[in-house]
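Q: I have a structure open and want to go through it with you. Can we take it piece by piece?

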Amino acid sequence: MAYPTVVKVREEAALEARTWREVAYHWMTTTNHKEIGILYIVFSFTFFVLAGLLAMFIRAELATPGPTILDESRYAQFFSTHGTSMIFLFIIPVFVGFANYFVPPLIGAKDMAFPRINALGFWMLLPAAAMIWIGQADVGWTGYAPLTNRIYTPGSGVDLWLAGLIMVGTSSILGGVNFLVTIFKLRRPGLTFWKMPLFVWAMMATSVMVVMATPVLAGALTLAFLDRNIGTCFFLTTGACAAHSPGNPGDPILWQHLFWFYSHPAVYIMVLPAMGVVNEVIPKMVRKPLYGYKAMALALFGIALIGFLVWVHHMFTTGLSLTARAPFMFATMAVAIPTGVKIFNWLATIWRGSINFRTPLLFAVGFIALFTIGGITGVYQASIPVDYKLQESYWVVAHLHYVLFGGSVMGLFAAAYFWFPTITGRMYNERLGQIHFLATLVGMNLTFFPMHFIGLSGMLRRTFDYTNEIAFWPELGPLNLLSSIGAFLLGASQLIFFYNVIVSRYKGKPAPADPWA
Ligand code: HEM
Ligand SMILES: [Cu+2]
């Protein structure tokens with residue numbers, strides 16, 4: 001009877017004896033969906049830290065008026081790389097990671113439909129990230145034309161940024177197709193769409209958006225690249241373009257149409273997976289079935305559909321006619337309907353549940369509260385006249401962080417704590433998780449809430465120095481300082497999360513069969 005133990009001991013010895021080369025080779029060649037999921041998650045959190053460090057520089061610079069630690073061009077590079085990385089190298093890939101790990105088992109599949117393409121999608125992100133970080137382009141995450149043209153921004157930074165984003169986009173499309181084929185073709189027999197877990201529904205809606213929107217971004221980036229490098233005139237009206245094609249000039253506004261046709265849906269590409277997570281977490285933690293399953297699934301697709309019909313709300317001040325703009329105002333406000341369905345169904349699920357106040361639930365409820373604030377400030381911006389005041393101001397920075405930090409990142413933390421026991425087989429430290437939640441909640445509101453007032457007081461986003469503004473609006477001093485203090489608290493509180501995850505991964509208590517019983 002000693003035999004199995006001996007084999008086991010040998011296997012363990014073999015595992016320990018693996019050199020780092022063998023381990024590296026294993027991870028670099030794996031096509032297993034769980035391992036690729038982990039690669040995505042580790043990659044994304046690395047860029048959360050790096051882009052978060054840039055945010056600390058930004059807020060340190062803005063803590064007081066006048067230049068302090070950065071200069072103007074460095075500042076522009078930092079907020080651009082911060083925005084680009086947070087979106088394309090953190091939030092979007094991190095949910096691809098969790099979905100890689102969980103979608104196949106949730107639908108009874110052994111792996112993704114195309115495991116090698118899955119690996120390719122991940123490995124493309126590395127050179128892409130390197131290009132974006134080496135490039136340090138200073139054109140915002142939006143890369144507006146004609147700023148990206150070589151006439152205005154020479155050097156190779158923007159080329160690297162464009163090429164990097166084309167690779168990120170290609171990786172996204174490969175992932176989107178893979179999820180759709182997996183969900184459509186590899187479900188276990190008998191698992192109809194109406195029986196699928198809502199996280200799978202969310203990934204299905206997200207993947208439809210990825211597959212429909214991302215090619216438009218990739219195309220637009222390619223055109224901008226051609227404008228820069230072979231002198232085409234898609235987005236440029238001045239210089240050589242005015243001379244050589246007078247009757248057929250390019251149009252910088254065309255860039256905005258193409259960019260926002262992708263980038264508004266991208267907001268939902270970043271939020272629908274978080275909603276999917278909240279759909280899984282809440283029923284489990286309040287020990288009640290989800291209220292309104294079908295409505296929740298349809299609402300995901302409702303949001304995805306409307307998400308494609310609203311992009312012009314980013315362009316209310318570009319001189320389009322009112323007739324062109326008005327439908328987009330109403331369409332934008334209509335997103336509140338499916339979103340409201342979700343919010344009220346979550347509240348109805350929690351209502352009279354037997355509530356288990358553990359960390360995943362705290363972050364899920366944090367998601368509902370903060371995402372709702374971001375949604376409400378969005379309705380103000382959707383109103384054309386109000387947007388004339390808010391456009392390009394710090395109000396927008398407040399809004400976008402309530403949606404992306406309050407929404408996507410809170411949902412992401414709910415996922416991370418909720419699935420930590422499944423992925424590692426161990427429990428995280430509950431008390432540290434709760435402290436992390438509280439510190440994040442306080443830090444996040446302290447950082448971003450004052451930005452609404454900073455914006456209303458007349459400070460524009462992408463501002464490096466507000467010495468002139470402060471002469472007119474003295475409140476900008478204390479408000480900016482408050483926001484910076486919040487940012488340092490927010491940054492520091494993430495260390496609690498990383499400490500908890502790393503220590504618990506090796507030393508945490510073994511997870512019981514049902515960690516949330
Ligand atoms: C760690 C906490 C964070 C802090 C303190 C922070 C701070 C800031 C600040 C101050 C700006 C405005 C810079 C300017 O306009 O001059 C900014 C821009 C931005 N942030 Fe963050 N941020 C944080 C996290 C995030 C996250 C999690 C995301 C997205 C998932 C994000 C996405 C963006 C984007 C897209 C921009 C716009 C960049 C641009 O104007 O092109 N940030 N951030
Ligand atoms: Cu939008």
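Q: Which residue does C233 pair with in a disulfide?
A: This is a predicted model, and in it C233 is joined to C241, with the sulfurs 2.1 Å apart. The structure holds one disulfide.

Q: What is the handedness of that link between C233 and C241?
A: Left-handed, with -90° about the S-S bond.

Q: Are C233 and C241 buried or exposed?
A: C233 has a relative accessible area of 14%, so it is buried. C241 is buried as well, at 3% relative accessibility.

Q: Switching to metals. Which residues hold the copper ion, ligand 2?
A: H264 through ND1, and H313 and H314 through NE2, at 1.7 to 2.0 Å.

Q: How are those donor residues of the copper ion spaced in sequence?
A: The pattern is H-x48-H-H.

Q: Now the iron atom of ligand 1. Which protein donors does it have?
A: H82 and H401, each through NE2, lying 2.0 Å from the iron.

Q: What is the geometry of that iron site?
A: Octahedral: the iron atom of ligand 1 has six donor atoms, with angles of 87 to 178° among them.

Q: Where in the chain do H82 and H401 come from?
A: H82 is in helix α4, residues 72-107, and H401 is in helix α15, residues 394-424. The two are 319 residues apart, so the pair links distant parts of the chain.

Q: Are H82 and H401 buried or exposed?
A: H82 is buried, at 12% relative accessibility. H401 is also buried, with a relative accessible area of 16%.

Q: What about the fold, how many helices and strands?
A: The protein chain has 18 helices and zero strands.

Q: How does its radius of gyration sit against a compact globule?
A: A compact globule of 517 residues would be near 24 Å, and the protein chain has 24 Å, so the two agree. The C-alpha atoms fill a box of roughly 85 × 50 × 45 Å along the principal axes.

Q: How much of the chain counts as buried?
A: 53% of the 517 residues.

Q: How many residues are in the largest nonpolar core?
A: 151. Those with the most contacts inside that core include F45, F88, L272 and W346. The largest share of the core, 20 residues, comes from α4.

Q: What does L272 touch, leaving aside its neighbours in sequence?
A: Beyond four places in sequence, L272 is in contact with A202, A205, T206, M209, L300, I303 and A304.

Q: What else is in the loop between α5 and α6?
A: Q136 is found there. Its phi is near 40°, a positive value in a residue other than glycine. Q136 is buried, with a relative accessible area of 16%.

Q: What is phi for R462?
A: Near 60°, again positive in a residue other than glycine. R462 lies in the loop between α16 (430-456) and α17 (467-472). With a relative accessible area of 29%, R462 is partly exposed.

Conventions
Residues numbered from 1 in each chain as written. Chains lettered and ligands numbered in written order. Predicted model: local features only at pLDDT ≥ 70, side-chain atom pairs only at ≥ 80, totals over all residues. Heavy atoms only, no water. Donors = N, O, S within 2.8 Å, 3.2 Å for Na, K, Ca; no water. Tetrahedral: all angles 85-135°; square planar, octahedral: opposite > 155°, others 65-115°. Helix = DSSP H or I, 4+ residues; strand = E, 2+ residues; numbered from the N terminus. Buried < 20%, exposed > 50% of the residue type's maximum accessible area, 1.4 Å probe, protein only. Core = buried A, V, L, I, M, F, W, Y, C linked by side-chain atoms within 4.5 Å. Contact = heavy atoms within 4.5 Å. Disulfide = S-S within 2.5 Å. Rg over C-alpha atoms; globule rule 2.2 N^0.38 Å.
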